[in-house]
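This report goes through selected contacts and salt bridges of one protein model. The sequence and structure come first.

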Amino acid sequence: MINAVLDACVLFPNVLRDTMLSLAERDLFRPLWSLEILSEVRRNVLAKRPVDAQALDRTIALMNSAFDDALVEDWEPLVPDIELRDPDDRHVLAAAISGRAHAIVTFNTSDFLGPKPLPGDIEIFHPDAFLIDRFDESPTSVISALTDQSKRYRRPPMDLGALLARLDRCGVPEFGEEVRRHIW
């Protein structure tokens, strides 16, 4: 199974986060994150959306509870030796190294370029490409996860088509198109 660090920008949009975690529940990959990544999610959500901080903290606690092996620790000593185009993302790569990740999923793929190649077998994936890879690996499991996810939404209610439209707006339109081609 692929171990993938989910960057804060992937965990920020609710629908995209739910999709990623729904696929992880189906063992299509093992999600990883650090407290720093979760803190970044929290800061960004509270800065951009009028949400209840306690509800957000509850969501983060539920994520850690549901994926009790997702939290990467002891990544901090690695940060000073990492050189990236965006030094603010060194903590993400450090978590990937410490967590023995195969991938980092981020919208900011160019931020992970640097003067040296990434260590080990770590690949950087845009969420669209990562989701398409999961779909190619197991289309039935992905469609089942998406169908179940769509049924959980009540305000507003969403069918699979509406969920895919929301995912398009979250920045993963090629994934949505691939699923649509498969089922319609």
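## A strand residue and its surroundings

In which strand is Ala103 found? Ala103 belongs to strand β3, which covers residues 103-105. The model is predicted, and the values below are to be read with that in mind.

Is Ala103 buried or exposed? Its relative accessible area is 0%, so Ala103 is buried. Leaving aside residues up to four places away in sequence, Ala103 touches Ile2, Asn3, Ala4 and Val5, together with Ile122, Glu123 and Phe125. Leu35, by contrast, is 68 residues from Ala103 along the chain, and the two C-alpha atoms are separated by 18 Å.

## The annotated C-terminal span

UniProt, in an unreviewed entry, lists residues 127-181 as "domain: VapC50 C-terminal". In the model this span is 80% helix and 0% strand.

## Packing of α7 and α8

Helix α7 spans residues 139-152 and helix α8 spans residues 160-169. Their axes come within 9 Å and cross at roughly 95°. Angles of 65 to 115 degrees count as roughly perpendicular, and α7 and α8 are therefore roughly perpendicular to each other.

Which residues make the contact? On the α7 side they are Leu146, Thr147, Gln149 and Ser150. Helix α8 contributes Leu160, Leu163, Leu164 and Leu167. Sorted by class, the contact of α7 with α8 has 5 nonpolar residues, 3 polar ones and no charged residues.

## Salt bridges between separate elements

How many salt bridges does the count come to? The count is 9. One of the pairs is Asp148 with Arg26, whose side chains meet at 2.3 Å, N to O. This pair links distant parts of the chain, 122 residues apart. Asp148 sits in helix α7, while Arg26 is in the loop between α2 (14-25) and β2 (30-32). With a relative accessibility of 33%, Asp148 counts as partly exposed. Arg26, at 31%, also counts as partly exposed.

Another salt bridge joins Asp57 and Arg42, with 2.5 Å between the closest N and O atoms. Asp57 has a relative accessible area of 33% and is partly exposed. For Arg42 the relative accessible area is 28%, again partly exposed.

The side chains of Glu178 and Arg181 meet in a salt bridge at 2.5 Å, N to O. Why are Glu178 and Arg181 separated by about one helical turn? Both are in helix α9 (residues 173-183) and they are 3 residues apart, which means a separation of about one helical turn. Glu178 is partly exposed, with a relative accessible area of 23%. Arg181 has a relative accessible area of 51%; exposed means over 50%, so Arg181 is exposed.

There is also a network: Asp168, Glu177 and Arg180 are joined by salt bridges that share partners.

Technical notes. Residues are numbered from 1 along each chain as its sequence is written. This is a predicted model: local features need pLDDT of at least 70, side-chain atom pairs count only at pLDDT 80 or more; totals for chains, interfaces and linings use all residues. Side-chain values use heavy atoms; hydrogens and water are left out. Axes are lines fitted to C-alpha atoms, for helices over the stretch in contact, and angles run from 0 to 180 degrees between N-to-C directions. Helices (H or I, at least four residues) and strands (E, at least two) are DSSP runs, numbered from the N terminus. Angles under 35 degrees count as roughly parallel, over 145 as roughly antiparallel, 65 to 115 as roughly perpendicular and the rest as oblique. Contact means heavy atoms within 4.5 Å. Ala, Val, Leu, Ile, Met, Phe, Trp, Tyr, Cys and Pro count as nonpolar, Asp, Glu, Lys and Arg as charged, and the others, Gly among them, as polar. UniProt positions are given in the numbering used here, feature names are shortened, and annotations may be inferred rather than shown by experiment. A salt bridge is a side-chain nitrogen of Lys or Arg within 4 Å of a carboxyl oxygen of Asp or Glu. Buried means under 20% relative accessible area, exposed over 50%, partly exposed in between (1.4 Å probe, protein chains only).
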